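This report looks at a metal site and the ligand beside it. Please have the sequence and the 3D view open.

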Amino acid sequence: MRTIPQKDARNRLAAFINEDRLWSRHLKMAEFGSIPKNGVNRQALSNADIAARETLISWAKPHGFGVTQDKIGNLFIRRFGKDAKASPVMTGSHMDSQPCGGRFDGIYGVLAGLEALEALEGAGIRTSRPIDVVAWTNEEGSRFDPGCMGSMVYTGVAEVADFESTKDAEGILFSDALAKTLKATSVDGERPLTEPVSAYIETHIEQGPILENTGNIIGAVNGIQGSRRFSIEITGESAHAGTTPIALRRDALQSALRCLTSLNKVMKDPDDILRYTVGKLVITPNSPNAVASSAKFSIDLRHPNENVLQEKCEQISEICNKAAPPCDAKVSQTFDKKPTTFTPEIVAAIEQIASDLGYPNTILPSGAFHDAGIMASYCPSAMIFVPCAGGISHNEAEYASASDLAAGAKVLAACLSGLAE
Ligand code: GLV
Ligand code: MN
Ligand code: MN
């Protein structure tokens, strides 16, 4: 695999990355789903997501780039190569956000990809392979659980049918939201699933503090820790708050609290490497004078070592079934991503290109999951990180500087050009 472009091509590409354009596009995209404090709430397959998709297409079309989507709504922008039969080099990320998300998580990888395509246009470099920018459907998994649906379906790890009955908090079916999005998006045509990809690189803000604390501008990401998600549903019985003796209640919230207290003990990690999060708790009927009939909570569990992760996960069902009575507990695993190791040649190319462009850089792993983790089992893959202020992410205050975003796009453009030649 050839990974390093010619020096001349690298420098010309860097000159055609337009920092102001890239920055202003982040601000434009942040209007779709904007919330106070500079935040973004752009849920997968929402009207805001559809508007972001259409805006991306409006920036791509004037260059004659091809625009397609597949059955799960992954959106692809293609710059054609000299060899029409060659499999593409792919870059991209996601456009959906957390409910209290920022302006950079996900969208940066998509916009940096488009910027790289425009730099290739500007520099007049024709690659042999096509280069695709992808916006994966539902990476976050905050509206429809789990995340990474788009990349899992593209790579054949999952099928659209697996998510057909998945509903959001308002009871809207994933399949209905998907159909609406597919219909509303102005594409040239449909792209088949599981089409081969020759290599994949995803650019992203780090979402942690390492680059900032070490004074580096580029991170060459060598892997992603393992990640599991569970949905726990406690079923009790609604009853009158004023008349029902405690002993006769099947209180789902109290039962969930007992489960959480037991889980908290088991998930304690003296080394603070295990990431254990209960970020979602929904109770029904959620009324001050009614005993909760149901309590549904999530567990997000991550660790770089698969054995540790497995050992912790195996205990979840038993703990909940022991703590839940007199209510019933149903434990379902909704996501399982083993730790990822990225392709060493691409990681090394990112380091080399960053150094050649004069950017201080380091190798680091990712604590967050990404579609690149799914792609890594499908084709040679890696990621480029840029710093984000204070390591803050999944928060409205998320911030990355225009020049760091442009630096990442320059490294990306050179990598893509090297891989596609
Ligand atoms: C993705 O956003 C994650 O939760 O790591
Ligand atoms: Mn992301
Ligand atoms: Mn995210």
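Asp105 counts as buried, at 7% relative accessibility. Glu140 is buried too, with a relative accessible area of 4%. Buried means under 20% relative accessible area, exposed over 50%, and partly exposed in between, using a 1.4 Å probe and protein chains only.

This is a predicted model, in which local features need pLDDT of at least 70, side-chain atom pairs count only at pLDDT 80 or more, and totals for chains, interfaces and linings use all residues. Residues are numbered from 1 along each chain as written, chains are lettered from A and ligands numbered from 1 in written order, and side-chain values use heavy atoms, without hydrogens and water.

## The manganese site

Asp105 (OD), Glu140 (OE), Glu140 (OE) and His394 (NE2) coordinate the manganese ion (ligand 3), at 2.1 to 2.6 Å. Donors are N, O and S atoms within 2.8 Å of the metal (3.2 Å for Na, K and Ca); water is not among the atoms, so sites may look incomplete. Along the chain, the donors follow the spacing D-x34-E-x253-H. The manganese ion (ligand 2) lies 3.6 Å from the manganese ion (ligand 3), and Asp105 coordinates both.

## Around ligand 1

Glu139, Glu140, Arg302, Ala368, Phe369 and His394 surround ligand 1, each with a heavy atom within 4 Å of it.

Polar contacts are pairs of N or O atoms within 3.5 Å. A polar side-chain atom of Arg302 lies 2.6 Å from an oxygen atom of ligand 1. For a polar side-chain atom of Glu140, the distance to a ligand 1 oxygen atom is 2.9 Å.

Technical notes: A polar contact is a pair of N or O atoms within 3.5 Å; within protein, one must be able to donate a hydrogen and the other to accept it, and residues adjacent in sequence count only if both atoms are side-chain atoms.
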